[in-house]
Amino acid sequence: MSNPVECTLYGETLWISPYVFSAFVALREKGIDFATAEVSLVEMAHTRPGYAEPTLTARVPALEHHGFWLAESSAIAEYLEDVFPAPRHARLFPADARDRARARMLMAWFRSDLGALREERPTTTMFYERATEPLSRAGSDAAAKLIRVAEKLVVAADKPLFGAWCLADSELAFMLHRLILNRDPLPASLRSYAEREWRRPSACAFLDHARPTALPIEYWLIPSHEPTSPFVRAAREKLRGTPSGPPV
Ligand SMILES: N[C@@H](CCC(=O)N[C@@H](CS)C(=O)NCC(=O)O)C(=O)O
């Protein structure tokens, strides 16, 4: 009989969430035996009591570890670092206090800033159809800010940010791929850095995971999407023109 897994990571069915990516990479890097379970956001499965009650916040990702549930990808990373510490397990955060603080700073920043870039280059454009519109002024400003910060921190294209790999490297590479995959301009050194980090086995296991071949248009109706997103607006317009479409 096979041993029960240590943890279960709850993600979404399209395998495009940057937050699930982060938690998945963290578990893989730690070398923890974990299972994945898919929650359909399109079907609002995350709001059903079976998921919403234990996770409290009813979002993905969530981690279940021997009956303990935790949501929020940054909290998941911190928990894994505490419960599966180095040297037995790989570090997710740098050993040096200042580097560790900087890594956390970056991760918090990815989650709270650069909204226009996330809106105009959503992860659907990384895994499904590429964006067709150029970045707006706000999107270009956000891209320029990302590039400015990344250029200050990336010391060499073939080196992680803080000497040894940390989770902020994978998250920065993910963020930079919003530009790379949509053919937006990016300095060559940042492109090489991001492409190298993108090839880590932990990242590849997520990126190459099977996902549905087409993005369901209803994805854009998930209430947590920003109503200002051009993709949300286009989907609503398209569905409005469809006789069987929902009243949007
Ligand atoms: N800050 C959260 C963000 C999680 C998040 O935005 N999850 C999205 C999917 S990418 C979600 O669950 N959306 C459904 C909802 O919020 O109702 C984290 O880092 O985990």
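Reply: Leu 114 sits in the loop that lies between α4 (97–112) and α5 (115–120), where helices (H or I, at least four residues) and strands (E, at least two) are DSSP runs, numbered from the N terminus. Numbering starts from 1 along each chain, following the sequence as written. The model is predicted, and for that reason local features are given only at pLDDT of at least 70 and side-chain atom pairs only at pLDDT 80 or more, while totals for chains, interfaces and linings use all residues.

The backbone at Leu 114 has a phi near 65°, a positive value in a residue other than glycine. Leu 114 counts as buried because it has 20 C-beta neighbours inside 10 Å; the cut-offs are 20 or more other C-beta atoms within 10 Å for buried, 12 or fewer for exposed, and partly exposed in between, with C-beta atoms placed from the backbone.

Trp 15 is another position with a positive phi, about 55°, although it is not a glycine. It lies in the loop between β1 and α1, and its 20 C-beta neighbours inside 10 Å make it buried. Asp 208, by contrast, counts as exposed, since it has 9 C-beta neighbours inside 10 Å. Asp 208 belongs to the loop between α10 and α11 (230–240), and although 193 residues separate it from Trp 15 in sequence, the two C-alpha atoms are 9.4 Å apart in space.

The protein is divided into domain 1 (7–83) and domain 2 (97–207), with bounds taken from an automatic or database domain assignment, and the C-alpha centres of the two lie 22 Å apart. Their contact (C-beta atoms, placed from the backbone, within 7 Å) takes 13 residues from domain 1 and 14 residues from domain 2. On the side of domain 1 that touches domain 2, the elements giving two or more residues are α1 (18–30) and α3 (73–83), and α1 supplies the largest share, 8 residues. By class, that side has 8 nonpolar, 3 polar and 2 charged residues, where Ala, Val, Leu, Ile, Met, Phe, Trp, Tyr, Cys and Pro count as nonpolar, Asp, Glu, Lys and Arg as charged, and the others, Gly among them, as polar.

There is also a ligand, surrounded by 14 residues, of which the closest are Ser 17, Tyr 19, Arg 59, Ser 73 and Ser 224; a residue belongs to this shell if its C-beta atom, placed from the backbone, lies within 6 Å. The shell is made up of 5 nonpolar, 5 polar and 4 charged residues.

The peptide bond from Val 60 to Pro 61 is cis, with omega near 5°, and Pro 61 is placed in the loop between α2 (49–55) and β3 (62–65). Ala 86 and Pro 87 are likewise joined by a cis peptide bond, with omega about 5°, and Pro 87 lies in the loop between α3 and α4.

Methods. Two residues are in contact if their C-beta atoms, placed from the backbone, lie within 7 Å.
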